[in-house]
Each structure stands twice: as structure tokens, then as C-alpha cells.
Amino acid sequence: MPIYEYRCPRCDVFELTRGMGSAPAEEDCPTCGQRARRRISAPRLARTGTAAFRLIDSAERSASEPRVVSGTPPAPGRSAGPAYSTNPLHQKLPRP
């Protein structure tokens, strides 16, 4: 359903959702009740700059273009880094 904008002479601009082509030229303001005229505004055809669009786009893209994996994941409970320290002071510490 399209969103129509109305401008109240006393308040500000407000939006109403109506069926396509069924929005009247004037509508009562929800704040003060005065008659407000419908405005001509730019259509919102796409919201490509929003975070929600980027999330939806990446989810759709992952179905046909999954990320390439270059190796196996590390085993659970093991760290990916070295098991020892290269600091010479750590060599003097007692070992378990």
C-alpha cells in the first residue's frame, strides 16, 4: 500500500497509508482534527542505502554466491595461535 503525505495548516506533515488511488484530496489531521490537503511528494521506490537493505541483500547473495573457505576451521577447544610464548622471560616460569 502506498503512503500519502498530508500537510496540516496548523500542525505539520503527517503520513497515511491508503489503497492505491483511494486517498482523498483532504483528510482530517490526527493531532488537531483540522482538514489537511494531500501533498505531492517523491516516491520511495528503493531504500538501498539502509542497513536493512544491505542485510537482506547479503542474505540473498549468500544463497547463490557463498563465501569461499580456504581451510578447515580449528578444532573446538584449541586456539589458532602458537601454544607457547616467544618471550624469553616466560621460559623461566615453572611448567605444569
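Two strands count as paired if DSSP finds at least two bridges between them. On that basis, a hairpin joins β1 to β2 through 5 residues in this predicted model.

**Figure 1. Overall fold of the predicted protein chain, with 1 helix and 4 strands.**
Along the sequence, the elements follow the pattern β-β-β-β-α. The protein chain has 96 residues, of which 10% count as buried. Among contacts between residues at least 6 apart in sequence, 27% join residues at least 24 apart. The pLDDT of the protein chain averages 81, and 89% of the residues score at least 70. Confidence is highest in β4, at 92, and lowest in helix α1 (residues 51–64), at a mean of 81.

**Figure 2. The open sheet, formed by 4 strands in the order β2-β1-β4-β3.**
The pairing of the strands is antiparallel. Because β2 (13–17) and β3 stand at the edges with a single partner strand each, one side of each is left without a neighbour in the sheet. From one strand to the next, the twist averages 40°. In general, strands of a sheet pair through backbone hydrogen bonds, in either a parallel or an antiparallel sense.

**Figure 3. Strand β1 (residues 3–7) and its pairing with β4 and β2.**
With β2, strand β1 pairs in the antiparallel sense over 5 bridges. Glu5 stands opposite Glu15 in β2. The link between β1 and β2 is the hairpin of 5 residues. Strand β4 (residues 35–38) also runs antiparallel to β1, and 2 bridges join them. Here Tyr6 stands opposite Arg38 in β4.

**Figure 4. The aromatic pair of Tyr6 and Phe14.**
A pair of aromatic rings is described by the distance of the centres and the angle of the planes. The count of aromatic pairs comes to 1. In this pair, the rings of Tyr6 and Phe14 are 5.7 Å apart centre to centre, with 20° between the planes. The pair is classed as stacked because its planes are under 30 degrees apart. Tyr6 and Phe14 are both buried.

Leaving out residues up to four places away in sequence, Val13 touches Glu5, Tyr6, Arg7 and Arg39. Between the C-alpha atoms of Val13 and Cys29 the separation is 9.1 Å, while these residues are 16 residues apart along the chain.

The side chains of Glu27 and Arg18 make a polar contact at 3.3 Å. When neighbours within four places in sequence are set aside, the contacts of Glu27 are Tyr6, Phe14, Leu16, Arg18, Gln34, Arg35 and Ala36. Among them, Tyr6 and Phe14 form the stacked aromatic pair.

Technical notes: Residues numbered from 1 in each chain as written. Predicted model: local features only at pLDDT ≥ 70, side-chain atom pairs only at ≥ 80, totals over all residues. Heavy atoms only, no water. Polar contact = N/O pair within 3.5 Å; in protein donor to acceptor, adjacent residues only side chain to side chain. Contact = heavy atoms within 4.5 Å. Axes fitted to C-alpha atoms, helices over the stretch in contact; angles between N-to-C directions. Phe/Tyr/Trp six-rings, centres within 6.5 Å; stacked < 30°, edge-to-face > 60°. Buried < 20%, exposed > 50% of the residue type's maximum accessible area, 1.4 Å probe, protein only. pLDDT = per-residue confidence, 0-100.
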